[in-house]
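Work through the exercises below with the model open. Try each task before reading its solution.

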Amino acid sequence: PPEVWTAIHDYAEFYGGLCLALGFLTRPAALSLLVTMMGAVYFHLSSVGPQGFPLGHVANYSYDFEEPALYALIFLLFWFNGAGPLSVDSIIYSQISQEEEQ
């Protein structure tokens, strides 16, 4: 049912964004947000079509699928690269690696 998918989408965006901002479980959070944005791209393309992409003139100078596609690429980058050095994942990994050295 649509209500279930709406709830999954809302939780994925809220908790995924929170985890991504903190750098905690970065790759799973980025993957869930990537799937959400790919769903948004599909929704926009299926509802209005490509709008003459790439050379079409649209009323507000922005294709409807352009913003979710950009976010999807950003989340894809986080999925491949993971968290940075100033993240909770980095702190946890450094603690685990120090325990293994001892």
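Helices (H or I, at least four residues) and strands (E, at least two) are DSSP runs, numbered from the N terminus. This is a predicted model: local features need pLDDT of at least 70, side-chain atom pairs count only at pLDDT 80 or more, and totals for chains, interfaces and linings use all residues. Residues are numbered from 1 along each chain as its sequence is written, and side-chain values use heavy atoms, with hydrogens and water left out.

**Exercise 1. State how many helices and strands the protein chain has, and in what pattern.**

Step 1. The protein chain has 4 helices and 0 strands.
Step 2. Along the sequence, the pattern reads α-α-α-α.

**Exercise 2. Describe the protein chain by burial, surface and contacts.**

Step 1. Take buried as under 20% relative accessible area, exposed as over 50% and partly exposed as in between (1.4 Å probe, protein chains only). Of the 102 residues in the protein chain, 21% are buried.
Step 2. The accessible surface (Shrake-Rupley method, 1.4 Å probe; for residues, only the protein chains shown count as cover) is about 7,600 Å² for the protein chain. Carbon and sulfur atoms hold 69% of that surface.
Step 3. Contact means heavy atoms within 4.5 Å. Among contacts in the protein chain with a separation of 6 or more, 59% join residues 24 or more positions apart.

**Exercise 3. Classify the packing of H1 against H2.**

Step 1. Axes are lines fitted to C-alpha atoms, for helices over the stretch in contact; angles run from 0 to 180 degrees between N-to-C directions. H1 (residues 2–22) and H2 (residues 26–48) pack at about 140°, with axes 9 Å apart.
Step 2. H1 is therefore oblique to H2. The cut-offs: under 35 degrees is roughly parallel, over 145 roughly antiparallel, 65 to 115 roughly perpendicular, and the rest oblique.
Step 3. H1 contributes His-9, Ala-12, Glu-13, Gly-16, Gly-17, Cys-19 and Leu-20 to the contact. H2 contributes Thr-26, Ala-29, Ala-30, Ser-32, Leu-33, Thr-36 and Met-37.

**Exercise 4. Is Leu-33 buried or exposed, and what does Leu-33 contact?**

Step 1. Leu-33 is in helix H2. Its relative accessibility is 5%, so Leu-33 counts as buried.
Step 2. Leaving aside neighbours within four places in sequence, Leu-33 contacts Ala-12, Glu-13, Gly-16, Gly-17, Leu-20 and Phe-75.
Step 3. Glu-13 lies 20 residues from Leu-33 along the chain, with 6.2 Å between their C-alpha atoms.

**Exercise 5. Repeat the analysis for Thr-36.**

Step 1. Thr-36 is in helix H2. Its relative accessible area is 12%, so Thr-36 is buried.
Step 2. Leaving aside neighbours within four places in sequence, Thr-36 contacts His-9, Ala-12 and Glu-13.
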